[in-house]
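Subject: Structure handover

Hi,

Here is the structure I promised to pass on to you.

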Amino acid sequence: TKEVDMRFPCVSDCVALFCFLSPMKPRSTAAMRTSSATPAGDERSDLHESTVRDLLPARQPQSGSPMHTYTESELEELRRSLPSFVRDRSALVPPRAACAVRGAGDRVDILKPGWATPSYKTRGDSNDGAVSTGSSPLSPPGRWHGAPDLDGPGVDAVRRFRHEVREGRFVGPTNGQCPGFLQCNMVVLREGREAFDFLLFCQRNSQACPLIEVCDVGSPHPNGVARDADLRTDIPRYAIYRNGALEKEVTDATQYWPDDSVAFLIGCSFSVEGALISSGIPLRSADEGKNVPMYRTSLPCRPAGCMRGNMVVSMKPVKAMDIAKEVEITSKFPQAHGAPVCVGCPEAIGIQDIGKPDWGEPVEVLPDELPVFHACGVTPQNVLMASGVSFAITHSAGHMFLCDLPSDAVP
C-alpha cells in the first residue's frame with residue numbers, strides 16, 4: 001500500500017484509478033489468467049487486468065514482460081484513465097529492473113521520464129536542416145479560473161510576428177515590435193536542483209527577474225501567455241550555455257532543447273515601450289534600429305542555492321524634463337522591471353563607461369538628457385555564468401518572446 005500511495009499522490013489519480021478498474025467483472029485474478037477462452041466482450045476487462053497487474057507491485061510479475069512496462073495500447077489506455085499520473089517516481093521507489101522508454105520491443109517503462117508525453121516531430125531550422133523530435137505539452141491549452149484572455153484586440157499581429165520569427169524571416173532585436181504587448185526573456189534549465197534554485201532566485205529578485213510563466217517539464221509551450229506558440233522556434237535568437245560559458249548563438253533551439261526542460265519566461269522592459277511612446281517619450285535605440293545597451297553593475301542580487309551574481313541593467317536616454325513622467329509610467333509595470341534602478345551617475349552602480357555596453361549597442365546621450373537605468377532580463381544570463389550552470393538555453397540579449405497578453409497584464 002505504501003508503494004501504491006507514493007505512485008498515486010493525487011486524489012484525482014485515485015478517483016481515475018477507481019474509474020479505470022470499474023468496468024472489470026468481479027471474478028478472481030486466477031480465473032482470468034487460467035481461462036482458456038476470453039469472450040470478445042471481456043477484452044477490455046483483460047486489458048485492465050493486464051495493465052493493473054503491471055501498475056501494482058502486488059500483482060507483479062507479469063510473465064514474459066519487464067516489470068512496470070506496457071504495450072502501446074495499454075499505455076494509451078493508461079494515459080486516458082490517469083491523466084495526472086506522475087511522470088517519474090523512480091527516486092521514491094526501490095530500484096528495480098527497467099527497460100528504456102522506447103526501444104525494448106513494443107513496451108514502455110512508466111518509471112522513466114517522458115512516458116506520459118507522446119513524441120512528435122517539429123520543423124527544425126538548424127543549419128543542418130535536421131528535423132528534431134520534441135515533446136507535446138502535458139496538457140492542451142484550456143480554460144481555468146482566472147485564465148487570461150489570449151484573444152484580445154491586436155493579438156493577430158503578435159501571432160503573425162511569431163510566425164515570421166518561426167520561419168526565420170525576422171532575426172533581429174524585438175525592441176519596437178508590436179508595442180502594447182508583453183515581451184519576455186527566456187531561461188531553460190534541466191529539471192532538478194538548478195531549476196529549483198533559479199525559481200527561488202526569481203522569487204527573491206523580482207525586480208530583475210519578474211516571473212511571468214513556467215512551462216511544464218519537457219514542454220516548450222507557454223500556454224498561460226500565448227496560444228499555439230513554441231519557445232524553441234518563436235524567439236529570433238538564442239544563446240546556448242555550457243558550464244557557465246556561452247557556447248554559441250542560434251536562431252532555432254529545437255535540437256538543443258532537453259527532454260527534461262523547465263522553461264521560464266521573465267518580464268522585459270520592452271513591454272513598456274508602447275506606454276512611453278504614447279506619452280511622448282521617444283526611444284532612441286528603437287528609432288535608430290539598434291539593440292538597447294545593457295551593462296553589468298556592482299549591485300548584488302540575493303543568492304538562491306547555487307544561483308548568485310550581480311544585476312544587469314538596460315539604459316535609455318530620457319530628457320531631464322521627462323524623468324518624472326518616465327518613472328511614473330514604468331512604476332506601473334512591475335512585471336516589466338518597474339521603476340528605474342538609477343537615474344544619471346552610472347558610476348554609482350559600477351558602470352564606468354556607458355559608451356561600452358556589455359550587451360547591445362551604444363546610443364548617444366544628448367546634453368538635455370539623462371541616462372535612465374532599469375533592471376534587465378539579461379540578469380539571469382549573468383547569474384548563470386557566475387554560477388557555472390551545467391547547461392542552459394536563453395534568449396539572446398534583446399531578442400524576446402512576444403506574448404498574446406497586453407503589456408499591462410499581470411499573469
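How many helices and strands does the chain have? There are 11 helices and 15 strands in this chain. Please keep in mind that this is a predicted model. The chain has 411 residues, and 50% of them count as buried. If you take the contacts in the chain with a separation of 6 or more, 74% come from residues 24 or more positions apart.

Helix α7

Which residues of α7 are buried? They are Ala 195, Asp 197, Phe 198, Phe 201 and Cys 202. These residues lie on the same side of α7, because the arc they cover around the axis is only 165 degrees.

As for what the buried residues of α7 pack against, the partners are the strands β5 (181-190), β6 (211-214) and β9, together with the helix α11 (379-387).

A threonine in a loop

β9 also turns up in the next item: the loop between β8 (245-250) and β9 (261-267) contains Thr 254. Is Thr 254 buried or exposed? Its relative accessibility is 6%, and buried means under 20%, so Thr 254 counts as buried. The side chain of Thr 254 also has a polar contact, at 2.6 Å, with the side chain of Asp 252.

Cavities

Searching the whole structure gave three cavities of 30 Å³ or more. For the largest cavity, the volume is about 150 Å³. Its lining is made up of 14 residues, and those nearest its centre are Glu 273, Leu 283, Val 292, Met 315 and Lys 316. Which of them gives the most to the lining of the largest cavity? That is β11, with four residues.

Over to you, and happy browsing!

Best wishes

Notes: Residues are numbered from 1 along each chain as its sequence is written. This is a predicted model: local features need pLDDT of at least 70, side-chain atom pairs count only at pLDDT 80 or more; totals for chains, interfaces and linings use all residues. Side-chain values use heavy atoms; hydrogens and water are left out. Helices (H or I, at least four residues) and strands (E, at least two) are DSSP runs, numbered from the N terminus. Buried means under 20% relative accessible area, exposed over 50%, partly exposed in between (1.4 Å probe, protein chains only). A polar contact is a pair of N or O atoms within 3.5 Å; within protein, one must be able to donate a hydrogen and the other to accept it, and residues adjacent in sequence count only if both atoms are side-chain atoms. The arc is that of the directions from the helix axis to the C-beta atoms. Contact means heavy atoms within 4.5 Å. On a 1 Å grid over the protein atoms alone, a cavity is a set of points where a 1.4 Å probe fits but cannot get out, and a pocket is an open set with protein on both sides within 12 Å along at least five of seven lines; lining residues have an atom within 4 Å of a point. Grid points are joined across faces, edges and corners, and a volume is the space filled by probe spheres set on the points.
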